[in-house]
Structure formats: C-alpha cells, structure tokens
Amino acid sequence: MYRKIGEYIIRDWRMEDASSVAKYANNRKIWMNLRDAFPYPYSLQDAESFISRSIEADPITVFAIATQSEAIGSIGLMLGEDVHRYTAEIGYWLAEPFWGKGIMTQAVKSMTSYAIRNLKLHRIFAEPYSINPASLRVLEKAGFICEGMLRSNAFKDDKVLDQFLYSYVGKKAEK
C-alpha cells in the first residue's frame, strides 16, 4: 500500500523501519493508550518482530505511517471472523513529536476508505480508553460515531478503565 495523507504517507512496513519504530514506540504515553500486547519498554527486537509479522501477514492489514525519511507510527486493522467477517477493529499510534497535527485523523479516514473499498468491509470499529480524549476526537473527525461506553471494560496499568465503542458503517469513507 502507498497512500499520501498530506505531507505524510501510509505505506507497507520495511525492516529498515525498526530503529525509528523502536525510538518512537518506547514511550509510556503511547503504551498507556494501547493494549498490553504493545510492549513497554519497547526495544529494537520488539520492532523487528512486529515488522516481520506485519510483512508476512496475508492479507497485509498493518501499515507504517511515515515521513519521506522514517516511520513515525502505525495503523492497522484486526479483521473479524465468522459472522464478523465484514468487520474489523482499527488500531493506531503516532510518535509524540507528531501529535496534534491532524495526521492521525487523515490516516484513519484513509485506512477506513481502504478497508471498505479494498477489503469489502462494512463496519470498522474502535474501542479507545476513556482516558484518551485525543483518540476520541480523531475518530469523531474521521466520521466515526460513538455507540456507547463499555464500563469497566479494560485493565491497564493496574487500573480498571472504561472504553468507548466507536464505529464507521457504510460508504461515506469512499470519497
């Protein structure tokens, strides 16, 4: 995949991205907003393993968010199965120096459009933690609708957290 989002791009992962991923992903603020499968501290070996799995997946559903010179984040889909085969959960993170620039909103819009057009999905959803208002804004700006709150739905950093359920249904993303 190669999709321009302003001056940034969404593209396939490359093994040479490992050092920038390790540098940017080793951030507790990022880890706090992701599932525990995302390690902290985040090492070069973690980055290499993640990129290797992403490259080998079929279909490829996890991509780098990048400048012309380095990977600065990730966006991906976890495809549903069985009766959920036309749905996917979207997940993403962005390096802290790039926060607040609208990059992730554009990335979520682009990935949603890709998922509906290319993967023939009907529903994309996200479950951001209630402690992450920036992610809530990203989803809302990308056209996702809040369906409700999942009370006491996650255990992160020794705390029970609420999560919101956001979804995008339909073809609005195909613009």
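Serine 74 counts as buried, at 5% relative accessibility; buried means under 20% relative accessible area, exposed over 50%, and partly exposed in between, with a 1.4 Å probe and protein chains only. The model is a predicted one, in which local features need pLDDT of at least 70 and side-chain atom pairs count only at pLDDT 80 or more, while totals for chains, interfaces and linings use all residues. Residues are numbered from 1 along each chain as its sequence is written, and side-chain values use heavy atoms, with hydrogens and water left out.

Serine 74 belongs to strand E4, residues 71-79 (helices, H or I with at least four residues, and strands, E with at least two, are DSSP runs numbered from the N terminus). Not counting residues up to four places away in sequence, serine 74 touches Trp13, Phe50, Val62, Phe63, Ile65, Gly91, Tyr92, Trp93 and Met104, where contact means heavy atoms within 4.5 Å. A polar atom of the serine 74 side chain lies 3.5 Å from the backbone oxygen of phenylalanine 63.

The largest pocket has 47 lining residues, and Asn33, Leu34, Gly91, Tyr92 and Trp93 lie nearest its centre. Helix H3 (44-56), E4, strand E5 (87-94), helix H4 (103-118) and helix H5 (133-141) are the elements that give two or more residues to this lining. A pocket is an open set of points on a 1 Å grid over the protein atoms alone, where a 1.4 Å probe fits, with protein on both sides within 12 Å along at least five of seven lines; lining residues have an atom within 4 Å of a point.

The whole structure holds 9 salt bridges, each a side-chain nitrogen of Lys or Arg within 4 Å of a carboxyl oxygen of Asp or Glu. In one of them, glutamate 89 meets arginine 35 at 2.7 Å, N to O. This pair links distant parts of the chain, 54 residues apart: glutamate 89 is in strand E5, and arginine 35 is in the loop between helix H2 (28-31) and H3. Glutamate 89 is buried, with a relative accessible area of 11%, whereas arginine 35 is partly exposed at 42%.

Glutamate 147 and arginine 123 also form a salt bridge, at 2.8 Å, N to O. Glutamate 147 lies in strand E7 (residues 145-156) and arginine 123 in strand E6 (residues 123-126), so this pair ties together parts that are 24 residues apart in sequence. Finally, a network of salt bridges links Arg28, Asp157 and Lys159.

Notes
Polar contact = N/O pair within 3.5 Å; in protein donor to acceptor, adjacent residues only side chain to side chain.
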